[in-house]
Amino acid sequence: MKKEDLKKLREKTADDLEKDLQKDKDSLWNKKKDLASGKVKNIGEIHMLKKTIAAINTLLKEKSVKL
């Protein structure tokens, strides 16, 4: 994940982050399903989605502690 992407995530509200998290989890599920069926060749997309999900979870925890 690039620094610019992380900076954009930090500027979002908790509600927006939760929406993004759900969208990314759904996308990850679909990518994994496609990988199992042989449709996806680029495993890097799955890796990046996992990193994005982890970053969002971290930011959500940071925001909940600040409140």
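**Exercises on a nonpolar core and its helices**

The largest nonpolar core has 10 residues in all: Leu9, Leu17, Leu21, Leu28, Ile46, Leu49, Ile53, Ile56, Leu59 and Leu60. Such a core is a set of buried Ala, Val, Leu, Ile, Met, Phe, Trp, Tyr and Cys residues joined through side-chain atoms within 4.5 Å; buried means under 20% relative accessible area (1.4 Å probe, protein chains only). The model is predicted: local features need pLDDT of at least 70, side-chain atom pairs count only at pLDDT 80 or more, and totals for chains, interfaces and linings use all residues. Residues are numbered from 1 along each chain as its sequence is written, and side-chain values use heavy atoms, without hydrogens and water.

**Exercise 1.** State which element gives the most to this core.

*Solution.* Helices are DSSP runs (H or I, at least four residues), numbered from the N terminus. The elements that give two or more residues are H2 and H3. H3 gives the most, with six residues.

**Exercise 2.** Determine whether the length of H2 agrees with its number of residues.

*Solution.* H2 comprises 24 residues, 14-37. After H2 comes Gly38, with a positive phi near 90°.

**Exercise 3.** Identify the buried residues of H2 and what covers them.

*Solution.* Leu17, Asp20, Leu21, Asp24 and Leu28 are buried. Their cover includes H1 and H3. Ile56, for example, touches Leu17, Asp20, Leu21 and Asp24, among others; contact means heavy atoms within 4.5 Å.

Conventions:
The expected span of a helix is 1.5 Å times one less than its number of residues. Buried means under 20% relative accessible area, exposed over 50%, partly exposed in between (1.4 Å probe, protein chains only). Lists of a residue's contacts leave out its neighbours within four places in sequence.
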